[in-house]
Amino acid sequence: MARAAMARRALAAHLALTYGFLYGPILVLMVLSFNRAGLPTVWTGFSLEWYVTLADSPAILAAALNTIIVAVVSTVIATTLGTLLALGVERRRQSNAVDALLFAPMIIPDIVLAIALLSFFTLLEVTLGLHSIILSHVVFNIAFVCAVVRTRLKHFDYAIIEASIDLGADRFTTFRRVTLPVIFPGVLAGALLAFTLSFDEFIIAFFTAGAGASSTTLPMRIYSMIRFGVTPEINAMATIIMLISFTLVFFSQRLNRATVSD
């Protein structure tokens, strides 16, 4: 019993150290975003000054708008294509080769995928801008959406589709009234995950945005600012992005967990 108690305490201490190592720097950054001092490392009191400064910056607001546009449009496209892809793959015989091709964008390093996309756009002589960023985000988001929706489809009873068709419904009506409502939690979880990944993504956007400031996203703006040192405005922006990301990932995980339990 004594050894078991010691083992539990050791595991608890290890877990606490792991979480502290992972989230300690993030917590420090969030606290410093409310620091009144201009220096990012000296605490002088609580203030919302830097968040007000962000709201008054046209460049940051423009970058935030670009980020939202890219995230929303790429999420809609990736969710639609990823859901259809998941439906098509699950209805066919399982193949390790097909699975490997589907999940390749998830495991390929971002820098490799970014160079490949930039080379592809250059080969086709596509002018870079927000549209190229959106297309690039769709490429890797489809795999994540497909994976989440396929998790839902693993527990899907295809007999209800046959029953719907036997009762006279066509395939489109069956999909709209039967299939989609059943898999919708998985679709929504995949959409939230895709939005989070697109909202945070920097490397691919940096390579495929082009030279114009009109296609600068918020992570790119943070990168351009941080080259001159970490400022309270950067801490505030990073805090906002992390809170949005954590919230979306939390709801995505809850929906995905509900999908699996069903």
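**Exercise 1. Determine what share of the contacts in the protein chain with a separation of 6 or more joins residues 24 or more positions apart.**

Step 1. Contact means heavy atoms within 4.5 Å.
Step 2. Among contacts with a separation of 6 or more, 74% link residues 24 or more positions apart.

The model is predicted: local features need pLDDT of at least 70, side-chain atom pairs count only at pLDDT 80 or more, and totals for chains, interfaces and linings use all residues. Residues are numbered from 1 along each chain as its sequence is written, and side-chain values use heavy atoms, with hydrogens and water left out.

**Exercise 2. State how many helices and strands the protein chain has, and what part of its residues is buried.**

Step 1. Helices (H or I, at least four residues) and strands (E, at least two) are DSSP runs, numbered from the N terminus.
Step 2. The protein chain has 11 helices and zero strands.
Step 3. Of its 262 residues, 38% are buried, that is, under 20% relative accessible area with a 1.4 Å probe, protein chains only.

**Exercise 3. Classify the packing of helix α3 (residues 58-90) against helix α6 (residues 130-153).**

Step 1. Two packed helices are described by the angle between their axes and the distance between the axes.
Step 2. Axes are lines fitted to C-alpha atoms, for helices over the stretch in contact, and angles run from 0 to 180 degrees between N-to-C directions.
Step 3. For α3 and α6 the angle is about 40 degrees and the axes are 6 Å apart.
Step 4. α3 is therefore oblique to α6; angles under 35 degrees count as roughly parallel, over 145 as roughly antiparallel, 65 to 115 as roughly perpendicular and the rest as oblique.
Step 5. The contact of α3 with α6 involves 18 nonpolar, seven polar and two charged residues. Ala, Val, Leu, Ile, Met, Phe, Trp, Tyr, Cys and Pro count as nonpolar, Asp, Glu, Lys and Arg as charged, and the others, Gly among them, as polar.

**Exercise 4. Repeat the classification for α6 and helix α8 (residues 171-200).**

Step 1. These helices pack at about 150 degrees, with axes 8 Å apart.
Step 2. α6 and α8 are therefore roughly antiparallel to each other.
Step 3. Residues of α6 including Phe-140, Phe-144 and Val-148 meet residues of α8, among them Ile-183, Gly-186 and Leu-193.
Step 4. This contact of α6 with α8 divides into 13 nonpolar, five polar and one charged.

**Exercise 5. Decide whether Thr-217 is buried or exposed, and list its contacts.**

Step 1. Thr-217 lies in the loop between α9 (203-208) and α10 (218-226).
Step 2. Thr-217 counts as buried because its relative accessibility is 4%.
Step 3. Leaving aside neighbours within four places in sequence, Thr-217 contacts Ala-63, Thr-67, Ile-133 and Ala-205.

Key. Buried < 20%, exposed > 50% of the residue type's maximum accessible area, 1.4 Å probe, protein only.
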